[in-house]
Amino acid sequence: MCPISASAPAPSPSPVQGDDFAVELEGITKRFPGVVANKDIGFKVRRGTVHAIVGENGAGKSTLMKILYGVQRPDEGSIRVDGKEVNLHSPSDAIAVGIGMVFQHFQLADNFTVLENVTLGAEKLHGIGDAARTKIREISDSYGLDIDPDALVADLGVGARQRIEILKVLYRNARIIILDEPTAVLVPQEVEELFDNLRGLKAEGLTVLFISHKLDEVLSVADSVTVIRRGTTIDTVDPKSVNARQLAELMVGSQLPTPETEESTVTDKVVLRTEDIVLAGGAATRNVLDGISLTIRAGEVLGIAGVEGNGQAELVEVIMGMREPTSGLVFLHDKDISDWHVREIREAGVAYIPEDRHRHALLLEAPLWENRVLGHQTEEPNAKGGLINAAGAKADTERIVRDYDVRTPSIHVKAASLSGGNQQKLIVGREMSHQPKVLVAAHPTRGVDVGAQASIWDIIRTARRDGLAVLLISADLEELIGLSDTIHVILRGRLTGTFDPDTVTAEDLGAAMTGATGHEPGGDVDQPSADASAHPGAAPSADPGADPSVKPSDSKDAR
Amino acid sequence: MNRINPRKALLGIAAPVLALLVAFLITSLLLVLFGDPVGEVWKTILSWPRPRQLVQIINEATVLYLSAIAVAVGFRMNIFNIGVDGQYRVAAFAGALFAGQAWFPGPLNVLLTLIVAMAAGGFWAWIAAYLKVKRGVSEVISTIMLNAIATGVVQWLLLKVAVKQPGSNTISTEPIPESSQLEGLALIPGATNKVYTLIVLAVAVGFAYWFVLGKTRFGFDLRATGQSESAAVASGVKVPRMVVTTIVASGALAGLIGMPLLFGQDHSYGTTFQAGLGFAGIGIALLGRNHPIGIGLAALLWAFLNIQSNALQIQAGVATEVVNIIQGTIIFAVVVAYELIRRADVRLEQQRVARELANAGQGTPAQEGAPA
């Protein structure tokens with residue numbers, strides 16, 4: 001675990017000024033008819049500290065944050081900010097008392113400059129001209145955010161965009177900043193930079209509320225950790241006194257299963273192969289995909305690591321037939337499927353877990369059994385000739401619900417009614433139900449709870465043993481290292497390095513992902529590299545033993 | 001397992017009833033505000049229709065039903081075919097022109113005319129489909145333009161082929177031969193007029209709509225595309241092809257709208273041929289929630305209001321156009337109500353699922369999978 005950097009004031013857990021709390025929550029209860037989203041939540045956040053809130057998906061973190069940010073009102077309980085009881089009716093009330101929120105999905109207009117983005121909606125504060133520009137520079141300098149007010153957002157990377165979001169909140173005079181899963185979109189080096197920024201904020205006396213389920217990160221940056229389970233606060237602990245496993249057990253409420261070890265199952269039978277795939281970008285921009293050749297064998301999990309937006313999504317779309325490459329070929333076994341349409345490719349046995357399940361894998365307002373048909377409209381048991389076989393599909397949905405432990409009262413409820421993890425289990429179950437030969441899985445466990453994550457990993461591992469070829473794309477480096485047999489790094493549309501998951505560390509991967517290492521001969525390494533190399537080896541997951549629970553597998557130990 | 005959910009049924013009925021009440025209130029308020037006799041107006045509109053009017057209502061509803069189904073096909077795929085109005089006029093003209101030639105004997109002539117009309121309506125809609133798929137032109141814009149163009153084209157061609165009706169100023173296409181005219185069905189006892197024979201066409205179209213959309217793979221693809229285009233693409237639907245098929249199908253159905261009128265009443269296409277049916281169809285499809293039976297009820301309500309309002313001028317001294325206010329407010333209210341109910345439904349179900357799972361979890365802690 002990283003020690004707190006020296007620049008920060010000691011986050012002394014000793015009760016120096018016992019009443020110096022920025023935020024105090026007491027007895028917060030939020031009921032929706034029949035459901036209690038939050039019950040009797042209570043914790044205190046000391047001023048000038050980073051306070052983490054951890055919990056599984058669905059534990060009630062987001063409801064709590066919405067309450068703190070004035071989006072929803074609690075049914076019971078009180079919120080005190082700086083010792084004064086407040087009544088938050090809307091986000092503007094929250095901003096007025098100095099609470100700001102940085103959302104997981106950035107809310108920035110790409111074609112606007114930083115200045116325009118920051119002043120948007122806050123024109124009254126410092127206008128939209130030089131006064132605002134000066135103010136932005138001032139904030140940027142005093143918190144070390146390194147942001148140029150006149151830069152175009154479209155030109156900036158993910159890390160910089162996040163700093164703009166933070167700056168936006170500071171510009172609106174927030175003294176308490178809520179960050180919702182801020183590291184989900186960052187590579188390890190960027191995470192460390194973010195943490196430096198957070199320590200900077202803390203040093204200036206600001207308070208940071210940090211929501212996450214990445215426990216090693218929480219342990220490295222937080223001064224205090226509150227665990228939420230099933231809508232209520234379980235405990236507030238000192239990160240120095242617990243390890244990630246204990247924290248995870250607090251979160252889940254039970255002992256965690258230890259992943260079993262496994263032998264390699266890679267065969268020499270090539271199942272999926274791409275040959276020199278090129279996908280041209282717009283005029284005068286570089287290729288989105290540039291000569292991608294990869295081979296996946298039966299029983300092999302091929303992992304693709306990369307910072308989001310380096311061509312992974314496009315590669316998947318090309319393989320699935322959703323996008324026509326400029327040149328290059330895709331082979332399934334020995335058949336050239338480059339010109340096949342999505343439906344033919346899926347019928348031929350390519351299963352697909354899309355990265356955005358709401359956009360690409362589900363009809364949210366359709367019942368579960370119709371979602372079981374989706375993507376396999378022409379296949380047994382969903383179809384009979386030109387007709388949909390509703391009875392067959394329903395029966396099979398019951399089976400999937402049973403076998404894959406999809407928690408639902410019925411197969412007739414809408415997909416939108418299920419939690420993310422259960423939606424994903426339904427999708428995985430559906431895709432595994434047609435004897436797939438290849439599984440294209442993009443971020444298969446993104447946004448799902450620990451339990452669902454473990455079972456999805458199990459499913460992939462079992463299928464791999466049975467000879468499935470898997471293309472795994474993930475931003476979760478632990479997942480990649482744990483599941484893959486081979487890892488390729490994709491950078492600016494090119495495969496720039498191949499790693500053996502037995503020996504590679506998350507930091508190596510992170511460096512390669514940002515182009516900081518020499519894996520790309522003569523590579524056009526520019527802006528991200530400077531950032532990345534500034535913190536070598538400082539990735540948050542530096543302690544591999546700290547977090548066995550959230551690691552897909554230590555399977556490679558056996559090899 | 002395929003049970004009817006009472007909560008859902010209740011919500012489904014509540015919305016239109018609420019919308020009707022709101023429309024009733026707003027219209028009453030307006031009438032009072034402008035000093036019109038509220039009581040008289042409602043008495044006239046809400047009186048039970050006489051047999052003759054009953055037939056008129058059924059006939060009007062038949063035509064409106066076809067129009068609304070044509071619109072609904074597009075709606076199910078998130079396509080706003082505002083061009084039904086132009087499509088049915090082009091198709092009615094083409095059909096009347098064809099039928100008037102009497103190239104084929106009686107019933108065969110009717111059947112072939114239906115096909116010609118569907119082809120004409122489908123073609124007119126295809127222009128919009130082509131522009132949308134190939135050029136990215138919104139179908140809303142292009143179909144509105146095509147409505148205007150349809151008016152011009154039909155007028156222009158009508159002048160070229162028209163025959164003058166003896167003893168009147170109106171012009172029309174050659175009347176269809178008597179052997180192809182459908183005199184109607186005497187369904188309502190005591191009425192001198194008859195129900196359009198082609199009411200069977202409306203019923204058949206309604207059934208086909210239900211079957212194709214609800215039971216076939218094609219219908220599934222269409223609905224999936226309407227619910228989430230991105231998910232449809234990922235599931236293997238060829239969306240551009242789907243767009244073209246749907247718009248053309250919508251146009252072809254629109255082509256049928258004028259047929260009951262042509263064969264059962266007008267016997268030719270002329271300047272007096274009923275206009276505006278396509279726009280009414282949009283409202284009725286909304287009110288009927290794109291459901292084949294819902295649309296049927298909505299069409300009947302619409303026709304009821306239309307026919308009953310005819311007597312307003314005489315009996316209440318109020319302009320018949322009051323009925324447009326009623327219909328307009330119904331649509332507004334219903335659109336708002338449906339959206340509110342849709343959101344409430346999603347939320348309630350999420351809560352119900354959460355609750356049931358929580359209960360199940362407490363009852364049998366180690367349970368896996370779904371409780372029945």
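Tutor: The expected span of a helix is 1.5 Å times one less than its number of residues. Keep that in mind as we look at this predicted model.

Student: What makes the span of helix α5 of chain B close to the expected one?

Tutor: Helix α5(B), residues 106-135, has 30 residues, and its first and last C-alpha atoms are 43 Å apart, close to the expected 44 Å. There is a bend of about 25 degrees in α5(B) at Ala125(B). Just after the helix comes Gly136(B), with a positive phi of about 70 degrees.

Student: Good. Now to chain A: why is Lys425(A) called buried?

Tutor: The cut-off for buried is under 20% relative accessible area. Lys425(A) has 7%, so the residue counts as buried.

Student: What does Lys425(A) touch?

Tutor: Leaving out residues up to four places away in sequence, Lys425(A) touches Tyr404(A), Asp405(A), Val406(A), Ala452(A) and Ser455(A). Lys425(A) itself sits in helix α15(A), residues 420-431.

Student: How do you know that Lys425(A) and Asp405(A) make a polar contact?

Tutor: A polar atom of the Lys425(A) side chain lies 2.8 Å from the backbone oxygen of Asp405(A). The limit is 3.5 Å, so the pair is within it.

Student: What makes β12 and β15 of chain A edge strands?

Tutor: The open sheet runs β12-β11-β14-β15 in chain A, with antiparallel pairing. Strands β12 (289-297) and β15 (335-336) each pair on one side only.

Student: And how do you know that β11(A) and β12(A) pair?

Tutor: At least two bridges are needed, and these antiparallel strands have seven. Within the pair, Leu272(A) stands opposite Ile296(A) of β12(A).

Note on methods:
Residues are numbered from 1 along each chain as its sequence is written. Chains are lettered from A and ligands numbered from 1 in the order in which they are written. This is a predicted model: local features need pLDDT of at least 70, side-chain atom pairs count only at pLDDT 80 or more; totals for chains, interfaces and linings use all residues. Side-chain values use heavy atoms; hydrogens and water are left out. Helices (H or I, at least four residues) and strands (E, at least two) are DSSP runs, numbered from the N terminus. The bend at a residue is the angle between axes fitted to the seven residues ending there and the seven starting there. Buried means under 20% relative accessible area, exposed over 50%, partly exposed in between (1.4 Å probe, protein chains only). A polar contact is a pair of N or O atoms within 3.5 Å; within protein, one must be able to donate a hydrogen and the other to accept it, and residues adjacent in sequence count only if both atoms are side-chain atoms. Contact means heavy atoms within 4.5 Å.
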